[in-house]
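Subject: Structure for you to look at

Hi,

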Amino acid sequence: NLRPYKNIELIFKLASTLYEKKLPSLFIIAGKPFSQEYGEELSAIANKLPNVVFLDKYIPDEDISSLVSLSDVMVVPMNTDSSINSSEIILAFSFKKPVIAPSIPTALEYPVEANFLYSYNSANVHFERLLGATLEAYEDILSQRHIKKGENLHLCVSKQNSDEAIFGHLKEILNVM
């Protein structure tokens, strides 16, 4: 779902900035907006950006993998006032993709050097930090360093979320009860 706390508008601003800087980029924004009005607002912005593909509809599980596979990295500029965890980050790692994201707990559970994390303390600073992390990611993509980072993240998420690890955690929980 596309919701305001995911800061889709910041991704649009990022796409616009990279386009103005003449840096080749393509942003795919996909998901069902939480309301028709919000979807119309996002669509109006997206339609003005030549480097944005906006798929404002429900994406079935079987189609998510092809969208993520098209990407070099995932941009997850969540609002840290309302979000501290993100399944999108785990999804990215499952597909060997680093993330550009605030330093939220989900991202910090994995090797921070393999991602493009940033911190911010105000809405004004958020975009500048997001842009800086994106430009860093851009350099890694040009040199193909992001591929090794994605592979390392995938290995970590595979180990931390393996059947054995999950069963181990469940046993600990059940033993405490």
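This is a predicted model: local features need pLDDT of at least 70, side-chain atom pairs count only at pLDDT 80 or more; totals for chains, interfaces and linings use all residues.

Tyr 120 sits in the loop that runs between S5 and H6. Its relative accessibility is 17%, so Tyr 120 counts as buried, the cut-off being under 20%. Two backbone atoms sit close to polar atoms of the Tyr 120 side chain: the oxygen of Met 78 at 3.2 Å, and the nitrogen of Thr 80 at 2.8 Å. As for Asn 79, 41 residues separate it from Tyr 120 in sequence, while the C-alpha to C-alpha distance is 9.8 Å.

Asn 115 has a relative accessible area of 3%, so it is buried. A polar atom of its side chain lies 2.9 Å from the backbone nitrogen of Val 99. Val 99 is also one of the residues that Asn 115 touches, along with Phe 93, Pro 98 and Leu 153, again not counting residues up to four places away in sequence.

Now for the largest pocket. It holds about 1,200 Å³ of space, and 42 residues line it, with Ile 28, Ile 29, Ser 71, Met 74 and Val 75 lying nearest the centre. Two or more lining residues come from each of helix H1 (8-20), strand S1 (27-30), helix H3 (61-69), strand S3 (74-75), helix H4 (87-94) and helix H6 (123-143). Which of them gives the most? That is H6, with five residues. By type, the lining splits into 29 nonpolar, eight polar and five charged residues.

Ser 71, one of the residues nearest the pocket centre, is in the loop between H3 and S3. Ser 71 is at 17% relative accessibility and therefore counts as buried. Its side chain reaches the backbone oxygen of Leu 67 at 3.4 Å.

H1 has 13 residues and reaches 19 Å from first C-alpha to last, close to the 18 Å expected at 1.5 Å a residue. Its buried residues are Ile 8, Leu 10, Ile 11, Phe 12, Leu 14, Ala 15, Thr 17 and Leu 18. What do they pack against? Their partners are S1, helix H2 (36-46), strand S2 (52-55), S3 and H6. An α-helix has 3.6 residues a turn, so residues three or four places apart point the same way. After H1 comes Lys 22, with a positive phi near 60°.

Helix H8 (residues 163-176) has 14 residues and reaches 20 Å from end to end by C-alpha, close to the 20 Å expected at 1.5 Å a residue. How many of the 14 residues of H8 are buried? The count is one, so H8 is hardly covered.

That's what I have so far. Over to you!

Cheers

Notes. Residues are numbered from 1 along each chain as its sequence is written. Side-chain values use heavy atoms; hydrogens and water are left out. Buried means under 20% relative accessible area, exposed over 50%, partly exposed in between (1.4 Å probe, protein chains only). A polar contact is a pair of N or O atoms within 3.5 Å; within protein, one must be able to donate a hydrogen and the other to accept it, and residues adjacent in sequence count only if both atoms are side-chain atoms. Contact means heavy atoms within 4.5 Å. On a 1 Å grid over the protein atoms alone, a cavity is a set of points where a 1.4 Å probe fits but cannot get out, and a pocket is an open set with protein on both sides within 12 Å along at least five of seven lines; lining residues have an atom within 4 Å of a point. Grid points are joined across faces, edges and corners, and a volume is the space filled by probe spheres set on the points. Helices (H or I, at least four residues) and strands (E, at least two) are DSSP runs, numbered from the N terminus. Ala, Val, Leu, Ile, Met, Phe, Trp, Tyr, Cys and Pro count as nonpolar, Asp, Glu, Lys and Arg as charged, and the others, Gly among them, as polar. The expected span of a helix is 1.5 Å times one less than its number of residues.
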